[in-house]
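Open the model in your viewer and switch to a cartoon view. We will go step by step, selecting one piece at a time.

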Amino acid sequence: MICLRSLPLVPHELKSPLSSRTRAQQQHSSPFSQTLRSHTVPHKTLTGGGTATTTTVANVALSEHNDLNAAEEEEPLPSELREELMPNHVAVIMDGNGRWAKQRGLPTSAGHQAGARSLRELVEICCKWGIRVLTVFAFSNDNWIRPKVEVDFLMSLFEREIKSQMQKFVSEGIRISVIGDSSKLPQSLQKLISEAEEATKDNSRCQLIVAASYSGKYDIVQACRSLACKVKDGVIQLEDISESLVEKELETNCTEYPYPDLLIRTSGELRVSNFLLWQLAYTEFFFVKELWPDFGKAEFVEALISFQQRHRRYGARLS
Amino acid sequence: MGTIPNHIAFIMDGNRRYAKKHNLWADDAAGHKAGFLALASMLKYCYELGIKCASIYALSIDNFKRRPNEVQYVMDLMLEKIQGLLKEESIVQKYGARVYFRGNMTLLTEPIRVAAEKAMVATANNTGMMLFICVAYTSTDEIVHAIQESCNNKWVGIQEANGSKARNQAIRDVEYQIEEKAIIKLRDIEKHMYMDVAPDPDILIRTSGEHRLSNFQLWQTTYCLLYSPAVLWPEIGLRHLVRAVLDFPQHRSYLEKKKEQA
């Protein structure tokens, strides 16, 4: 997956109140004290078609084989986390690849490669721990002004990652969706995205939403334009326009969980940077100082622990 | 001579926790009163530091979900404080602040609307600083309102522009479709936002250690520095503000880059 290039290097990193977090203690794996959760995984045939399986002997066998694999790969939640408090939807701003590379005297592309690895690992953990949706800010609409060499590299990295991960998406029941202005992406990538979305559209274990060439503000503008057309066509009245109607027009209408419960941003930057806008109204933010390629399971657990301790009131009061 | 932020937004969280912490159990009043004193101090510090604009999340539409007696108390307190703004010795008059009330004002009672209007008129010529008081406000409500206005304006504009042309109806319909799709731009929506007359916040401070926006200025804070000190709102002091202001310059270079791109 392509990853967001870090912002220009700042002269020095100031320690912010938000980033002074203690690292999570070494997590204990205690499989006997945690209930393994099973997932309903609609399985795809090995020939890779886009339709749901039919009940042939071969497919039943495949189904059982996959169930077994899923159980073997199942990783229990760390003991610090409570299953009933797990977020349904996690969003991530994957910041810091460039800085990571620079710190090591490597080219920026190496940072993006390392970032892609972090993302693959996060997708896997989310699947195993029952997180239903993971949305990642891979490439902002604002990033098009980056040097062409870097942009081209990111586009080709994105293509390579989709191709290399396709089999895994199919076998692990991961649905992939891409949001953003895809018209700006190379034709070959657009085609690949369409194919990947089609091939995985019935998968329901976990959904990976990749925001590429995405802008939170333009998401709202395009929703507004759709609504304007509907008013013009008499499908709805002007006064019918409501929060609910707007929500249905946003690009996150590809999921039943459009609102992230938790947003993680790496590399110590304390802002949203035109990622999801409307959808983040009540999202809990977690800012970490680790650079994206250094963000792993331990850091994710720390974010989840923090999330589970928060009291979400939505403006009302808990009695 | 450092770089001073232009606009700081405040989410004043923690009044009730403060009351609980100090055993002011009588009712929620004590916490909110302490909160108001903290607000007065913060506005004073903003003025002294040369910060031109401040916005506060005084009452969210979501807050109407609270217990009726707390909602009523907040409304009464708000009316009292708004009327107080008109007095000579009020903080607003002292620092020459121009006051703006922004939000879905139709959700408020008549007395509050009237008082708010009076306060805006009375301070209209003040040039010391700008104070935006967001009441009956949520960002999603603001955006819905802006969308309705821009749809309405654009559609009306097209009708008026094309009304007198005697052309084939089918061709006109197609043209409307294409025109309309292309027509609504970011700026069209933005200019109908309640907060349009304010510059975007440079820093958003939310107290009591809560790390979320709670539907406050989502559109306007998308590049803003987000600050969540653990201190409860009534206990916020100059040092918290100074800390945020000191962190600002490195953030500003990022913001300037954004403005160049836009």
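**Stop 1: the sheet of chain B**

Start with the strands of chain B. This is a predicted model. Six strands make an open sheet here, in the order β3-β4-β2-β1-β5-β6, and they pair in parallel. Now select residues 97-102 and 225-227 of chain B. These are β3 and β6, the edge strands; each has a single partner strand, so one side of each has no neighbour in the sheet. Look along the sheet for its twist. From one strand to the next it averages 20°.

Next, select residues 7-11 and 203-206 of chain B. They are strands β1 and β5, which run parallel and are joined by four bridges. Which residue of β5(B) is the bridge partner of B:I11? Pick B:R206 to see that partner.

**Stop 2**

Select residues 29-49 of chain B. This is helix α2, and it packs on the sheet, touching β1, β2 (53-60) and β4 (129-137) of chain B. The direction of α2 makes about 145° with that of β4(B).

Move on to residues 68-85 of chain B. Here helix α3 packs on the sheet, in contact with β2, β3 and β4 of chain B. Its direction makes about 150° with that of β2(B).

**Stop 3: a buried phenylalanine**

Select B:F216. It sits in the loop between β5 and β6 of chain B. Is B:F216 buried or exposed? Its relative accessibility is 0%; buried means under 20%, so B:F216 counts as buried. Show what it touches. Among its contacts are B:A9, B:F10 and B:I11, as well as B:I56, B:Y57 and B:L204. Then draw a distance from B:F216 to B:S253. The two are 37 residues apart in sequence and 24 Å apart in space, C-alpha to C-alpha.

**Stop 4: the sheet of chain A**

Now switch to chain A. Its six strands form an open sheet in the order β3-β4-β2-β1-β5-β6, with parallel pairing. Select β3 (174-179) and β6 (284-287) of chain A at the edges. Each has a single partner strand, so one side of each is left without a neighbour in the sheet. Neighbouring strands are turned by 20° against each other on average, direction ignored.

Zoom in on β5 (residues 262-265) of chain A. Four bridges pair it with β6(A) in the parallel sense. A:R265 stands opposite A:F287 in β6(A).

Finish with residues 148-172 of chain A. This is helix α4, lying across β2, β3 and β4 of chain A at about 155° to β3(A).

Note on methods. Residues numbered from 1 in each chain as written. Chains lettered and ligands numbered in written order. Predicted model: local features only at pLDDT ≥ 70, side-chain atom pairs only at ≥ 80, totals over all residues. Heavy atoms only, no water. Pairing = 2+ DSSP bridges. Helix = DSSP H or I, 4+ residues; strand = E, 2+ residues; numbered from the N terminus. Axes fitted to C-alpha atoms, helices over the stretch in contact; angles between N-to-C directions. Contact = heavy atoms within 4.5 Å. Buried < 20%, exposed > 50% of the residue type's maximum accessible area, 1.4 Å probe, protein only. Lists of a residue's contacts leave out its neighbours within four places in sequence.
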